[in-house]
Amino acid sequence: MMPLTVLGDGNEGIIKKIGGKPEVKKHLENLGFIVGDSVIVITEQNGNIIVKVKESRIAISKEMAMKIYV
């Protein structure tokens with residue numbers, strides 16, 4: 001298991017765990033990050049990571065991405 005930030009551009013992973021405080025977990029779940037679902041890292045730009053989850057592209061900060069484990 002590793003943080004989402006370790007996954008390189010174009011790589012896919014299955015979300016195994018979401019860490020952080022309950023409100024952070026809830027926020028990430030509302031964005032579509034659900035344990036067991038796949039996530040693809042599109043690219044990293046300006047300190048943000050752009051990912052594809054559930055047919056949507058979402059930009060999240062590296063700090064948030066460190067709380068998502070694949």
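A: Strands are DSSP runs of E of at least two residues, numbered from the N terminus, as helices are (H or I, at least four). The model is predicted, so to speak of local features requires pLDDT of at least 70, and side-chain atom pairs count only at pLDDT 80 or more, while totals for chains, interfaces and linings use all residues. Residues are numbered from 1 along each chain as its sequence is written, and side-chain values use heavy atoms, leaving out hydrogens and water.

Q: How many bridges join β3 to β4?

A: Two strands pair if DSSP finds at least two bridges between them. Here 5 bridges join β3 (residues 38–45) to β4 (residues 48–53), and these strands run antiparallel.

Q: What is the order of the strands in the open sheet?

A: The 4 strands follow the order β1-β3-β4-β5, with antiparallel pairing. At the edges are β1 (12–14) and β5 (56–61), each of which pairs on one side only.

Q: What is phi of asparagine 46?

A: Most residues other than glycine have a negative phi. Asparagine 46, however, has a positive phi, near 50°, and is placed in the loop between β3 and β4. Asparagine 46 is exposed, at 80% relative accessible area; buried means under 20%, exposed over 50%, and partly exposed in between (1.4 Å probe, protein chains only).

Q: Where does glutamate 55 lie?

A: Glutamate 55 is in the loop between β4 and β5. Its phi is also positive, near 65°, and glutamate 55 counts as exposed at 71% relative accessibility.
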